[in-house]
Amino acid sequence: MTTIVVVGSLNMDLVVHAPRHPLPGETLIGSHFQTFPGGKGANQAVAAARLGARVCMIGRVGIDTFGDTLLAAVQYDGVDTSFVQRDLNTATGVALITLDAHGQNTIVVAPGANMQVSEADVIRAESVLRRADVLLMPLECPLEAVVAATHLARQSGVRVVLNPAPARPLPTELLAQIDYLLPNQLELQVLADGETDLLTAIRRVQQQGVRNILVTLGEEGALLAMGDQTTHVPAFQVPVVDTVAAGDAFAAAFCVALAEGKSPLEAVRWGNAAGALAVTRSGAQPSLPSRFEVMRLLEVRGE
Ligand code: ADP
């Protein structure tokens, strides 16, 4: 069995459904409200576990009911939470999500305990991290934790996949140690100083030291740039219900496939399959597909 370590966030997603997104200062009447366990870190951890990996998570939640619920949710899917600390002083992170009639979301995150994840938290999990196959990290925790985990992983030959979400400028010494940078189009644009042309943006970020960049393109699938070689892998066509967590499903499936020794291109197909299945269902963690569903989609609709 392969092991994936996720350093990342756990948030309670508070989702309101509205006919469209409100303008600044406007109040809209929505239809209904739901809560879902979320946070990119927890979503990616649960997604990887459902896809058959052994998963250990490093993170923090508060001592509150959202924290209890989030831990129970990831544990239910078999994620090892021994290295998720309960923070005594900070509330569990929350995400306020508005979902419009087309399934498009806007999200405001109050990160809370996620921003207390420290280098010491990572070092406490050193032995697990060093034995992992892949380290997967979104960017909803402090950079010091991301950098510490990257160093330990690299020293032990563990592959490092960084999902720069939400995007922010990253130190070149970190970028140079990443095996795969996995942004969506908007995140890539931020990392490339606002460059909107996809290929130019990829080259610009590669010049900062990352060799391999895998850009997710929503319904267009994904673009894998390894050195000079760029390959577009089209998405699976599916009915869209809710795009929340599509990127998380993609990231986890890509990592699980890589950890299992599949080629990078095959791993991108896994990512597309998991992402497509996630958009057909509502919510974050409830929408994440099982290994069986991904393998079936690949089999039925594969080449
Ligand atoms: P994010 O959710 O991080 O913004 P994307 O929107 O790029 O990321 O979606 C991630 C992946 O999910 C895509 O690369 C694709 O594989 C899959 N996906 C997203 N939207 C769709 C869609 N409408 N149809 C099929 N697959 C999709």
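Contact, as used in these legends to a predicted model, means heavy atoms within 4.5 Å.

**View 1. Surroundings of V161 in the largest nonpolar core of the predicted model.** Leaving aside residues up to four places away in sequence, V161 touches V134, L135, L136 and M137, together with Y180 and L182, and also F254, C255 and L258. The largest nonpolar core holds 63 residues, and within this core I4, V161 and F254 are the members that touch the most others. Helix α9, which spans residues 246-259, gives the most to this core, contributing 11 residues. Another core lies apart from this one and consists of 41 residues, including C56, V146, A149 and L188.

**View 2. Packing of helix α9 against helix α10.** The two helices, α9 and α10 (residues 264-279), pack at an angle of about 150°, and their axes are 7 Å apart; the crossing of this pair is right-handed. On the α9 side the contact is made by A246, A249, F250, A253, F254, A257 and L258, while α10 brings P264, A267, V268, W270, G271, N272, A274, G275, A278 and V279. Sorted by class, the residues in the contact of α9 with α10 comprise 14 nonpolar and three polar ones, with no charged residues.

**View 3. The open four-stranded sheet and helix α2.** The four strands follow the order β3-β2-β6-β7, and their pairing is mixed. Because β3 (33-38) and β7 (105-110) stand at the edges and each has a single partner strand, one side of each is left without a neighbour in the sheet. Neighbouring strands are turned against each other by 20° on average, with direction ignored. Strand β6 (residues 93-99) and β7 run antiparallel and are joined by six bridges, and in this pair V94 stands opposite A110 of β7. Helix α2 (residues 65-76) packs on the sheet, where α2 touches β2 (11-17), β3 and β6, and the direction of α2 makes about 100° with that of β2.

**View 4. The loop residue Q285 and its contacts.** Q285 lies in the loop between α10 and α11 (291-301), yet Q285 counts as buried because its relative accessible area of 4% falls under the 20% cut-off. When residues up to four places away in sequence are not counted, Q285 touches P37, G38, A42, N43, V46, R50, A73 and V74. Although Q285 and G39 are 246 residues apart in sequence, their C-alpha atoms are 9.1 Å apart in space.

Note on methods: Residues numbered from 1 in each chain as written. Predicted model: local features only at pLDDT ≥ 70, side-chain atom pairs only at ≥ 80, totals over all residues. Heavy atoms only, no water. Core = buried A, V, L, I, M, F, W, Y, C linked by side-chain atoms within 4.5 Å. Buried < 20%, exposed > 50% of the residue type's maximum accessible area, 1.4 Å probe, protein only. Axes fitted to C-alpha atoms, helices over the stretch in contact; angles between N-to-C directions. Left-handed = near helix turned anticlockwise from the far one by under 90°. Nonpolar A, V, L, I, M, F, W, Y, C, P; charged D, E, K, R; others polar. Pairing = 2+ DSSP bridges.
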